[in-house]
Amino acid sequence: MAKDRERKRPNVLVTGTPGTGKTTTATALADATQLRHVGIGDLVKDKGLHDGWDDELECHVINEDLVCDELEDAMEQGGNIVDYHGCDFFPERWFDLVVVLQTENSILYDRLSKRGYTGSKLSNNVECEIFQVLLEEAKESYPQDIVLALKSDTVDDIDRNVASLTEWVRQWHPTS
Ligand code: ADP
Ligand code: MN
């Protein structure tokens with residue numbers, strides 16, 4: 001599909017298993033670049049873009065069509081950092097860069113435990129990371145050359161990732 005060359009600033013998707021640091025990274029990147037941070041989880045909650053609560057998965061059942069409708073205009077304008085633990089339902093044309101954050105399993109386990117995850121919610125998410133589910137999903141959903149996997153084990157990793165992504169945003173050009 002042809003890329004949308006009309007936006008003046010890029011759209012970046014930050015994805016990865018819960019706990020890999022998407023919100024921390026996206027917030028810092030938004031601060032550094034003045035791009036807008038769009039946390040899909042909060043958007044879904046605030047605007048009610050869901051079909052109720054999933055008791056088993058302990059999360060809202062996101063309505064993907066409503067989310068895409070809600071974001072279409074902003075994405076067409078450009079300048080968004082979208083933050084979500086899924087990536088296969090957004091239009092491919094929306095993004096100029098798809099960042100997949102990855103965290104070593106034991107580190108992720110500790111982070112999610114600290115967040116209060118237990119039982120199958122904890123093990124499902126760690127398995128999701130072990131099997132690189134989000135990286136595969138990103139590679140299947142977007143051109144390989146815009147998918148970038150970044151290690152997010154330490155605070156230094158975050159600093160490095162934000163610095164290099166900030167540089168990428170600064171150098172991005174509509175016709176590049
Ligand atoms: P996500 O949005 O992917 O679920 P968060 O950004 O909310 O992840 O991070 C989850 C927790 O892990 C937070 O307490 C955050 O400070 C910590 N964290 C995330 N990434 C890192 C990292 N690379 N190094 C150290 N701590 C991290
Ligand atoms: Mn988050």
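Predicted model: local features only at pLDDT ≥ 70, side-chain atom pairs only at ≥ 80, totals over all residues.
Local features need pLDDT of at least 70 and side-chain atom pairs count only at pLDDT 80 or more, while totals for chains, interfaces and linings use all residues. Side-chain values use heavy atoms, without hydrogens and water, and residues are numbered from 1 along each chain as its sequence is written.

Let's start inside. A nonpolar core here is a set of buried Ala, Val, Leu, Ile, Met, Phe, Trp, Tyr and Cys residues joined through side-chain atoms within 4.5 Å, where buried means under 20% relative accessible area (1.4 Å probe, protein chains only). The largest such core has 27 residues, and Ile 40, Val 67, Phe 90, Phe 95 and Tyr 142 touch the most other members. Two or more residues each come from α2 (40–47), α3 (64–77), β6 (97–102) and α6 (133–141), with α3 giving the largest share, 4 residues. Helices (H or I, at least four residues) and strands (E, at least two) are DSSP runs, numbered from the N terminus.

Take Phe 95: beyond its neighbours within four places in sequence, its contacts (heavy atoms within 4.5 Å) include Arg 7, Met 75, Phe 90 and Tyr 142. A second, separate core of 13 residues includes Ala 26, Leu 29, Ala 30 and Leu 97.

Now turn to helices α4 (residues 105–114) and α5 (residues 119–130), whose axes come within 10 Å and cross at roughly 150°. Axes are lines fitted to C-alpha atoms over the stretch in contact, with angles from 0 to 180 degrees between N-to-C directions. The pair is therefore roughly antiparallel, a label for angles over 145 degrees. Among the residues that meet are Leu 108 and Leu 112 in α4, and Leu 122 and Val 126 in α5.

Definitions and conventions: Chains lettered and ligands numbered in written order. Buried < 20%, exposed > 50% of the residue type's maximum accessible area, 1.4 Å probe, protein only. Parallel < 35°, antiparallel > 145°, perpendicular 65-115°, else oblique.
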